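Work through the exercises below with the structure open. Try each task before reading its solution.

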Amino acid sequence: MMEKTISLTQRETYAPGRFTELLWWLSTAEKELLSDAVVERNRHKIIGMTVLTTWAFATLAWTYFFSTVATSGWLAVPLGFFMGFIILTIDRALIKGINKFSKSKLLPLVFRSLLALTIGTFMAQPALLYIFNKEIRLQTSLDNEKKKQLKSQELTDLYKNKQTTLVSEKESLQKELQIKYADVAKARQNFLSETDGSGGTGKVGIKDIAIAKRNEYQKLDGEYQQLVSIEQPKITTIETALKTMDDTIKKEEADFTNYFNDGFLTQIEALNNLIKTNPALQFRYYLLVIILLLIELMPVIAKTILPSGTYDERAMQREAMEKEMVSSNISKEKELKELYNSLAHQNDKEAISAFFDLTKEERNQKITGFSQQWKQEKNRTFNSLWETMKKEVLTRQEH
């Protein structure tokens, strides 16, 4: 808002608006000293505007950050304002210490730069996540798929030795059964060939040789069935164990997939992966980081580069006057207290002297009475008389 131009004779009646007062407060300027400093008003409004911009940016950045980690969006708003207020407090504390009478203007700037490289870099992350949101979502999907494959490979390697052993054992049992079954099939074929005359003796019907081959077939078939009854449960057990392992692997993969999210750290990781693989994005990323860091540095930079005017001189003179008045008031108060103590001491001395003068005769009477009583005692000693005097007559001294 533009201020109306007023004549020089009306400068003393200048009354800033509420927004102007807010900017002055942000710039840590004293309203009473700026009201008469014509040139300094706009200068401190500029400084206040930079602080306001940094405050707003910090609040928005932290609010977005908390929105990615908080369970409730409403919770992110007060947390964002709280962190923004902390940044505002730091900015005001730093620019308050910068004036033309400061011994060192470089130290606050260096300190603010270090603070910006830590807090500012972290604050820049939410803004960058918002700007590259689409690319980050795509990269997050790719990263999650890689994690899923890596997890699957780890689980496979974990159960590989045990699975290999079980599969080998199963194949060995199945091979043993296959060999036995081949013997049974061969004996059966010899028996059938003997009965239909296509083999052996060439005679049709069940003769002695055919009966012998049948017995051999039946014997081998019985052994095969017995072997199946022994080996098949083992094969079933192995298959069950293998299926259990497969189910466990699938369950762990599913559980691992459920942990996938688009939280702050996940997005940061995706952004880092994008930067590594995308030179164009890498350049723009660092450019944005620099810009955002400059936003963080604006209040101190503005306070440092803007020329000093009459405000600092007024503030120094006002502070010197206040110091002088404080020193003068303390000296006067000290004189009053010393006078009070001196008069009180004098009056106390007079009161004590009067007290002892008034009680002198009573003391003498007590001493005479105690002396007469002591003379009437049979076993009298001076020590007993002295103890009585100390207890009843003498005054206890103050400590």
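**Exercise 1. Determine how helices H3 and H9 pack against each other.**

Step 1: distance and angle. The axes of H3 (residues 38-69) and H9 (residues 279-305) come within 9 Å and cross at roughly 155°. Axes are lines fitted to C-alpha atoms, for helices over the stretch in contact, and angles run from 0 to 180 degrees between N-to-C directions. Helices are DSSP runs (H or I, at least four residues), numbered from the N terminus.

Step 2: orientation. H3 and H9 are therefore roughly antiparallel (angles over 145 degrees).

Step 3: handedness. The crossing of H3 past H9 is left-handed (the near helix is turned anticlockwise from the far one by less than a right angle).

Step 4: residues. From H3, His-44, Ile-47, Thr-50, Val-51, Thr-53, Thr-54 and Phe-57 take part; they meet Leu-292, Ile-295, Glu-296, Met-298, Pro-299, Ala-302 and Lys-303 of H9. Contact means heavy atoms within 4.5 Å. By class, this contact has 8 nonpolar, 4 polar and 2 charged residues (Ala, Val, Leu, Ile, Met, Phe, Trp, Tyr, Cys and Pro are nonpolar; Asp, Glu, Lys and Arg are charged; the others, Gly among them, are polar).

The model is predicted: local features need pLDDT of at least 70, side-chain atom pairs count only at pLDDT 80 or more, and totals for chains, interfaces and linings use all residues. Residues are numbered from 1 along each chain as its sequence is written, and side-chain values use heavy atoms, with hydrogens and water left out.

**Exercise 2. Is Thr-54 buried or exposed, and which residues does Thr-54 contact?**

Step 1: place. Thr-54 lies in helix H3.

Step 2: accessibility. Thr-54 counts as buried because its relative accessibility is 0% (buried is under 20% relative accessible area, exposed over 50%, partly exposed in between, with a 1.4 Å probe and protein chains only).

Step 3: partners. Neighbours within four places in sequence are left aside; Thr-54 then touches Ile-87, Asp-91, Ile-295, Glu-296, Met-298 and Pro-299.

**Exercise 3. Find salt bridges and place their residues.**

Step 1: total. The whole structure has 4 salt bridges (a side-chain nitrogen of Lys or Arg within 4 Å of a carboxyl oxygen of Asp or Glu).

Step 2: links between helices. Glu-239 pairs with Lys-170, closest N and O atoms 3.2 Å apart. Glu-239 is in H7 (residues 208-258) and Lys-170 in H6 (residues 133-196), 69 residues apart. Lys-180 pairs with Glu-223 at 2.7 Å. Lys-180 is in H6 and Glu-223 in H7, 43 residues apart.

Step 3: Lys-243 pairs with Asp-247 at 3.1 Å. They are 4 residues apart in H7, so about one helical turn separates Lys-243 and Asp-247.

Conventions. Helices (H or I, at least four residues) and strands (E, at least two) are DSSP runs, numbered from the N terminus. Angles under 35 degrees count as roughly parallel, over 145 as roughly antiparallel, 65 to 115 as roughly perpendicular and the rest as oblique.
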